[in-house]
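Welcome to this short tour, and please keep your viewer open.

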Amino acid sequence: MGKKIGIEVSIAVSEAVRAADVDLIAAYPITPQTHIVEHLSELVADGKLDAEFVPVESEHSAMSLCIGSSAAGARTYTATSSQGLALMHEIVWIAPALRMPIVMTLVNRSMSGPISIWNDHSDVMSERDCCWIQTFAENGQEAFDLTLHAFKVAEHPDVLLPVMVNLDGFTLSHVIEPIELMTQAEAGKYLKPYEPTMRLDTKQPVTMGGVGIPAVYTEAKKQYETAITASKKVILDAWKEFGEVYGRKYKPIETYKTKGAEIVLMTMGSISETAMTAIDLMRDKGISVGLMRFRLWRPFPLQEFRRAVKNISVLAVVDRAISYGSQGGPVFMEVRSALYDQEVRPQVFGFVAGLGGRDVTVDMFEDIVSKASKYAEKGKGPVYEMIGVREK
Amino acid sequence: MIEIRFHGRGGQGAVTSTELLALSAINEGKYAQAFPSFGPERRGAPVMAFTRISDKPIRTREQVYAPDIVVVLDPTILQIVDVTAGLKKEGIVVLNTSKDEATIRKTFGIKAKLAIVDATGIAMQNLGLPITNTTMLGALIKATDVIEMESIEGPMQKRFGRIAEKNLNALREAHSKTPKTE
């Protein structure tokens, strides 16, 4: 295996895209973009990556071009964040409907109103329901590895769906840390060239993007749902193979010190590492606490989740987004829903933290655990709670 | 784990300092993180940036609240920011100033260990610019031994190319002029 080098996580992601030997990159190069596409444009301009780099006029066009490129049979990539993703929104729905195996890095940043460029998960949660496979990285190495995994899964003939790799803006994207990169040859041991099952070809014409009249729309929806649910097997197999080839193992739900823990925190993304440090400190003080986090968010790993919480009595879910006027964070609501018909189920308490770049600290996790413990003892707590709000 | 907080003004290269430091530590086979305080980027406004260095993998993403070392790139920052906030008990402040230690302690009430150097003067002489980020790295290395002098050369060459040597000269001069903290 190669040597770890010090590199900014965004640049490492571009190196993963280079290792994947993509054919086309479409991106709108303005805030809220990151160094990912900036570095890719340099790699292409310097002849270090044999690909088309198209600086389109908006994110809407970026995703439109990605679809055209993918339909022509090219390995296709883009990256975006927050408002950029929102501008893309209309076309984000079209990519899975056309079964286009596009890979997109979503550097998670908060949706504006008030204007913000900082980190939370409000962007990805706004695109939760549009049939993209969604994974979350906790550190730079994972961001690199999950990018290769994304191409492997998306292009698998049993899947043919787009994949969104999520990584936290700033707290991950702008950090320099040690990461092991791969060359195209090393990545090629795992990721084979894309072989489209169907593509735009004048010799064998097909229709892509037809009208879904009421007589077929429902059936089409059912097919998308079947496809993304079935993709889980490929996702897990692709992680297994990744572990066999490179030695780094990934699972849809990752756990840390959950065995015998009285309270288990649930997180997604880079705050998970801070949570682990908090857990170590709390365990030193004799507090029995562990951590569980979703690496795979779509398709929702229902069976794995139910298995993972089997012996857990209290779950404290930490969301990085809020669904206004509902019951709190999207992760919390899905977690509770996943447990409703289980005979034995943990008490679940919802917390919302780290919105719009508010730092999620070790102290915050200690506060959340102490609150969850209090509510568990009483047998009830608030429907959900926002952490660290200044109200005076 | 050693946590270092840099104070400077937007445009003075605090972020670059933290990155060069982390890259040098990683080249030494250590684990390191470098990241800015994520705010609006405005030239001249007070900014912070952080480096963590450890022999073990670093598993935290929060900002640095209790630094072991504080590096101050710009002496005027002292008038508006409490640079010693959260500094650990045995913590060290590495400060760019042309004033003497007694005056600084008296004016700003700093009780922590202090290593001072006239980095602006050194930078003006070597670079012709009051940009002190690389100069202050020399002072930091001398005062704290947080990395080896040799380790910084590679990352500096890579980052600055043809102006690397000038920056290295400023760094070396600051290294020789900074007292070692006890």
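Start by selecting chain B, which has six helices and six strands (DSSP runs numbered from the N terminus: helices are H or I with at least four residues, strands are E with at least two). Trace chain B along the sequence and you will read β-α-β-β-β-β-α-β-α-α-α-α. This is a predicted model, in which local features need pLDDT of at least 70 and side-chain atom pairs count only at pLDDT 80 or more, while totals for chains, interfaces and linings use all residues. Residues are numbered from 1 along each chain as its sequence is written, with chains lettered from A and ligands numbered from 1 in the order in which they are written.

Zoom out on chain B: its C-alpha trace spans about 40 × 35 × 35 Å along the principal axes. Of its 182 residues, 51% are buried (20 or more other C-beta atoms, placed from the backbone, within 10 Å of a residue's own).

Now select chain A and find the open six-stranded sheet, ordered β9-β11-β10-β13-β14-β15 with mixed pairing (strands pair if DSSP finds at least two bridges between them). At the edges stand β9 (253–256) and β15 (385–386) of chain A, each with a single partner strand, so one side of each is left without a neighbour in the sheet.

Next, highlight β10 (residues 263–267) and β13 (residues 314–319) of chain A, a parallel pair joined over four bridges. Click on A:Leu265 to find its bridge partner in β13(A), A:Ala316.

Notes
A residue is buried if 20 or more other C-beta atoms lie within 10 Å of its own, exposed if 12 or fewer, and partly exposed in between; C-beta atoms are placed from the backbone.
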